[in-house]
Amino acid sequence: MKFILGVLSTLVVAILHSTIILAADLPLVESGKLRRNILRSELIAKAIALESFAYDTPQRNRQIGTPGHNTTVNWLKNTLEQYGSYYKTYFQPYPMLLHVAANLTVNEKSLEVYALGMSPSGKAKGPLVHIPNLGCAKSDFPTDLTGKIVLISRGTCQSAIKVAFAGSANAMGAIIYNVNNPLYSSMNGYSLQKTSTPEGPYVPTGGITKADGLDLVAQLDAGVSIIADLSTETVNKTTYNVIAQTTGGDQDNVLLLGAHTDSIAAGPGINDNGSGTNSLLEIAMQLPKYSVKNAVRFGWWTAEEPGLLGSTFYVANLNQSEINKIRLVLNFDMLASPNYIYSIYDGDGSAFNETGPPGSAEAEAAFQNYFTNIAHFNYTEIEFDGRSDYGPFLDVGIPCGGIDTGAEGIKTVEERAMFGGKAGVAYDINYHGKGDNLSNLHLGAWTEMTKALAHMTALYARSWESLPPRNVSLEAKRMAMEKRSSGGGFGERENLRHV
């Protein structure tokens, strides 16, 4: 505990020092100067703090709704408020149904089950019916499920749609079973990913393992009658996005930097995404030494792990005028993977054939220029698929970019030659596991990625010269919003991680 107090004291001293600088005339931010402010020791100090927020609680994680996550968001807000008038800092509350407890018996045999967030509390008892074809189409479901409980595989589409189709056929409850996909986390903390959906009403829903699910499917296919007895408890809790924007700079031309603050249930999430959270915080703590020409907004998003919920909520509550002010979103999720690569979001679609709104290609080019001509590091590209919190911004026509160091993917022989490490091994073997802690970070990679973030912050805080003209960006946003208002575009981008 003395060590933790010492770490937090160091952070307070840094804050006070930055506050004093505000009294002087501030020089315009420069990439080289801001990058030189980034110290590995400060990143480590913040990682120690986040890890303590998790390990000092019975849950030992920073999942939404837990004391570990609540402490995280309060710490962020309190830290930024120490900078006085340099930032306007606030919470954006997001009320949602979170899982509490569940119980399931099938033919009086107990199975492990978790209540799914966003689904209602309740009790359901009746015959179990297996839904084929993943349940992503209404035609997969019988027209009348009155008195019955459905069993559905996770995958392909959001579980919200599957449960809503069941509800529209008058099912009493639903059970979702997991699949072996490295993109998918445990059912503990899983959610329906939507507050509501037009396909139908939600019913009490539990999540079980793949093994238990396939066993039940096999029994049903063999003609065994199964009576399921499901009870779930969810509770309405409020979680928070943390927003801080410079009061200086052009408030109508905003650079938005984002990272999510929550972990999954298995561990403290110090790479995913304590690394992004803390890199943003370190930039935010160093930026008050400088002035900016364009406003810089920091967004720490809640509830990414259950399905990009915090960022989706934020975007859904922006009007067109506010959307138009955001010139570029840069997302930072997993910056310290132990078997790292330096990967840039493929905004121009040259590697994966999926492009973003005008400005996304230019953001990728700016990162490429940084790695090639300034940092002198190799880099590769990653799919521009909206897998993280930039996805909701893409869907309203806002250009996006970002970098990461890899998650569950396997390092290739070619990547080993470029970055070192071990071929045939995941970039982060502790991804979504209890070992995602400080001891398993690559501190050198994390420091370099934070410096890349600092470079991009300085670049766009000074000028939008490298992006397309504002009228091009506005037209893309207008078209995206028209598509959204007609029932498409918003939230429709394929995102296999969060189904």
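Leaving aside neighbours within four places in sequence, which residues is Asn-324 in contact with? Asn-324 is in contact with Arg-470, Leu-474 and Lys-477, where contact denotes heavy atoms within 4.5 Å. Asn-324 has its place in helix α9 and, at 19% relative accessibility, counts as buried. Throughout, buried means under 20% relative accessible area, exposed means over 50%, and partly exposed covers the values in between (1.4 Å probe, protein chains only). Helices (H or I, at least four residues) and strands (E, at least two) are DSSP runs, numbered from the N terminus.

The model is a predicted one, in which local features require pLDDT of at least 70 and side-chain atom pairs count only at pLDDT 80 or more, while totals for chains, interfaces and linings use all residues. Residues are numbered from 1 along each chain as its sequence is written, and side-chain values use heavy atoms, with hydrogens and water left out.

Salt bridges were assigned where a side-chain nitrogen of Lys or Arg falls within 4 Å of a carboxyl oxygen of Asp or Glu. By this rule, the count comes to seven salt bridges. One of them joins the side chains of Glu-282 and Lys-46, with an N to O distance of 2.5 Å. Glu-282 belongs to helix α7 (residues 274–286) and Lys-46 to helix α3 (residues 40–55), so this pair ties together parts that are 236 residues apart in sequence. Glu-282 is buried, with a relative accessible area of 1%, and Lys-46 likewise counts as buried, at 0% relative accessibility.

A salt bridge is also formed by Lys-325 with Asp-252, their closest N and O atoms being 3.9 Å apart. This pair links distant parts of the chain, with Lys-325 in helix α9 (residues 320–325) and Asp-252 in strand β9 (residues 250–260), 73 residues apart. Asp-252 is partly exposed, its relative accessible area being 40%.

In a further salt bridge, the side chains of Glu-408 and Arg-387 meet at 2.6 Å, N to O. Glu-408 is situated in the loop between β14 (400–404) and α12 (413–419), and Arg-387 in the loop between β13 (380–382) and α11 (391–394), so the pair ties together parts that are 21 residues apart in sequence. Both Glu-408 and Arg-387 are buried. Elsewhere, salt bridges that share partners join Glu-42, Lys-46 and Glu-282 into one network.

Strand pairing was examined next, two strands being taken to pair if DSSP finds at least two bridges between them. Strand β11 (residues 326–332) is mostly covered, seven of its seven residues being buried. β11 pairs with β9 in the parallel sense over five bridges, and Gly-258 stands opposite Asn-331 in β11. β11 also pairs with β14 in the parallel sense, over four bridges; here the bridge partner of Leu-330 is Gly-401 in β14.

Two packed helices are described by the angle between their axes and the distance between the axes. Axes are lines fitted to C-alpha atoms, for helices over the stretch in contact, and angles run from 0 to 180 degrees between N-to-C directions. Helix α3 packs with helix α13 (residues 443–462) at an angle of about 110 degrees, the axes lying 10 Å apart. α3 and α13 are therefore roughly perpendicular to each other, a class that spans 65 to 115 degrees, whereas angles under 35 degrees count as roughly parallel, over 145 as roughly antiparallel and the rest as oblique. At this contact, Arg-40, Leu-43, Ile-44 and Ala-47 in α3 meet Leu-443, Gly-444, Trp-446, Thr-447 and Thr-450 in α13. By class, the contact of α3 with α13 comprises five nonpolar, three polar and one charged residues. In this classification, Ala, Val, Leu, Ile, Met, Phe, Trp, Tyr, Cys and Pro count as nonpolar, Asp, Glu, Lys and Arg as charged, and the others, Gly among them, as polar.

Several features of the backbone were also recorded. The peptide bond from Asp-272 to Asn-273 is cis, with omega near 0 degrees, and Asn-273 is found in the loop between β9 and α7. Asn-133, a residue other than glycine, has a positive phi near 60 degrees. Asn-133 is placed in the loop between β4 (122–130) and β5 (149–153) and counts as exposed, at 59% relative accessibility. His-432 has a positive phi of about 55 degrees although His-432 is not a glycine. His-432 lies in the loop between α12 and α13 and, at 16% relative accessibility, counts as buried.
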